[in-house]
There are 2 protein chains.
Amino acid sequence: MTPGPDGPLEGIRILDLTSMISGPVATMLLADQGADVIKVEPPGGDLVRALGPNRAGFTATFVSSNRSKRSVVLDLKTSDGLAALKRLIPTADVFVQNFRPGAIERMGLGEDVVRALRSDIIYVSISGFGETGPYAHKRVYDPVIQALSGLASIQADRDTGRPRMVRTIIPDKTTALTAAQAITAALFSRERTGRGQHVKLAMLDAMVAYLWPEGMTGLTFVGREVHASRAQLAQDLIFETADGYITVGAVSDAEWRGLCAVLERSEWLDDERFKTAAGRVINAAERLAMTGMVLKQRDGADWLERLDREGVPCAPVLSREQVIEHEQIRVNATIEEHDHAIAGRIRQARPAARFSATPARIRRPAPALGEHSREVLGEIGFTAAEVDALVSR
Amino acid sequence: MTPGPDGPLEGIRILDLTSMISGPVATMLLADQGADVIKVEPPGGDLVRALGPNRAGFTATFVSSNRSKRSVVLDLKTSDGLAALKRLIPTADVFVQNFRPGAIERMGLGEDVVRALRSDIIYVSISGFGETGPYAHKRVYDPVIQALSGLASIQADRDTGRPRMVRTIIPDKTTALTAAQAITAALFSRERTGRGQHVKLAMLDAMVAYLWPEGMTGLTFVGREVHASRAQLAQDLIFETADGYITVGAVSDAEWRGLCAVLERSEWLDDERFKTAAGRVINAAERLAMTGMVLKQRDGADWLERLDREGVPCAPVLSREQVIEHEQIRVNATIEEHDHAIAGRIRQARPAARFSATPARIRRPAPALGEHSREVLGEIGFTAAEVDALVSR
């Protein structure tokens, strides 16, 4: 919102034809890092402009996925709209789209067309399932990838076996981070080699890669597969106290000794089941049940103070309302408030990584639909009248 | 495993002092993209070498978080070990560590020391909670960040309100992706400006930023806060069929019409509650219950074929065993098999993003502890005898 030092991606221009979440969140991260992201929207705008809670016509998800960008409206179904985009392409370093496979070519903006206009461009295609195969033609929503990637099965109810979704859109946002890193790597490579290239990313692949290191341990060794849910170590370490929920985890011997001291259960140190870290994993169910019984007897803050003193990892389970008020979040300045000219005062999470020399920062609030059509097209020589003619159509 | 074209980060050397997940998964992604990642391990090795299922001494999580790297053992508590690391630093472009705040300075490897040896290095510090504040001193495990970031509260049981963990380590892996992108952006910036810098990342900040666009919609507009759980749209779209679970989502009018046709419930199209997308959201509970009743009557494959024909987004809910056999995963070649000299044949998810000119690929299997001590230290002039003397201590 205020002028400041350049971000690490200063000087890079991104033509962003993506909509919904996976593409826009990726380019927002790059925009916060200084890239000039031009969001090209159809006359009706990105669908996210209409989804979920809103104020003055701006939805919360839109403002949190499209800040630091400029918005240009172009109807790419008209020859004038397409021609205007083609005049922008030579000014761009990156071209990103997340239409279903085949659509961008039918629109007349396939890689060959774009590369003819800018030979060293990074051309990026984000898809749901990949470019070929039985699912390539399908529409994708986040739950579909949760189901296909194994995430819903990882989250299954332990008693009934019924699969369960994670209630935030993990595949969309994981794809966004994976795409942002890949685009940045391609930009680095172009800087050294002078060559652009095509970067393709499927949400399904991004999720399987994301889950693999810990979620797929049972299937890693060929010929020695273990039922995946048995190989999974993660426990639901949530405990009820007299006045709310906390999490406590004691993995090492020192942490276990600390926990037994805090709980005043020194006799557990002599229990054969719990003498080693391996034993404590095998007998986790009993151990967690016994721990839970004791933790019910005092207030959460009381336990947390004692646990912290003994070096046992612990935290309160915060509601989202509590997260934004938490002292560590305040010290980190994780959440910023900005004035949006139309939507009013808004909260945003700042870019997570802090760069000492080239800070990432929120550059400007999310744009109104076509807010920068005149400005951006003016920069490449369109007159105000020409822009108005384009936009009014 | 085989020679091939260079990756986008070819020519970059990373000195990686991280352990556990968030650091190692970040540098693995960069190693697959061609960076020469030297994993510096203490004589006991990264703790992940001992956690979870293993074969021939290699744990599944270790091989899936440390492939494409070389391993050097150095005891940084000895002056000889520290001196050897300092001879490596001038050869490195990136130095990454995820010790608790203050520890790296106590080890004698703070930013000033490292930068004196290589002025343009990217120095990266990954922490759990940040460098100052009430949590900075605490040990961090993934569940602690799930509790503090609001993720456990997002996943709370809708009936009882009891918070619930997501059973895969979302904060660790989200931090890894965020760190990998930030390191890549800093490398890009150095390429243009010649300057290195310090990149700092807290897991807590990475998670809040990740959750924000969709998980924090109720708290985005200052002065118009909505109870966070009410503002959350995501439904648990899992349905039981006669022979298993599927997911089905009908958002647009066309998809709703398609769903009603497949379910042979054309009368639902006249139901006032479901006539608009907004109405279908408001009346989601009834709509999903009614849909669920019908879906129970046939097999999953039968429904999926019909739903696909009508353009309704859908998928089977796959177990992890089914994921690795699924036709779309096969077509995408998402999962690769490699021969590990010691651990045998292993499955890995390939790097998700595909680069047309500079392919990312699995370069080599995860290293044994200190497998490359001689090779790496030899490259900077240590004799075999000197390396043996270092390692034997």
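**Sheet and chain contacts in a predicted two-chain model**

In chain A, strands S9, S10 and S11 form an open antiparallel sheet in that order, where strands (E, at least two residues) and helices (H or I, at least four) are DSSP runs numbered from the N terminus and two strands pair if DSSP finds at least two bridges between them. The model is predicted: local features need pLDDT of at least 70 and side-chain atom pairs count only at pLDDT 80 or more, while totals for chains, interfaces and linings use all residues. Residues are numbered from 1 along each chain as its sequence is written, and chains are lettered from A and ligands numbered from 1 in the order in which they are written.

The edge strands of the sheet are S9 (238-241) and S11 (314-316) of chain A, each pairing on one side only. S9(A) is joined to S10 (residues 244-248) of chain A by 4 bridges in the antiparallel sense, with A:Thr247 as the bridge partner of A:Ile238.

Between the chains, 131 residues of chain A are in contact with 131 residues of chain B (C-beta atoms, placed from the backbone, within 7 Å). Helix H8 (residues 170-193) of chain A gives the largest share of the chain A side, 16 residues. Strand S8 (residues 197-202) of chain A runs antiparallel to strand S14 (residues 354-355) of chain B, joined by 2 bridges; A:Lys200 stands opposite B:Arg354.

Chain A can be laid on chain B with an RMSD of 0.0 Å by a turn of 180 degrees and a shift of 0.0 Å along the axis (least squares on the C-alpha atoms of residues with pLDDT of at least 70 in both). The two copies are thus related as by a two-fold rotation axis.

Definitions and conventions. Two residues are in contact if their C-beta atoms, placed from the backbone, lie within 7 Å.
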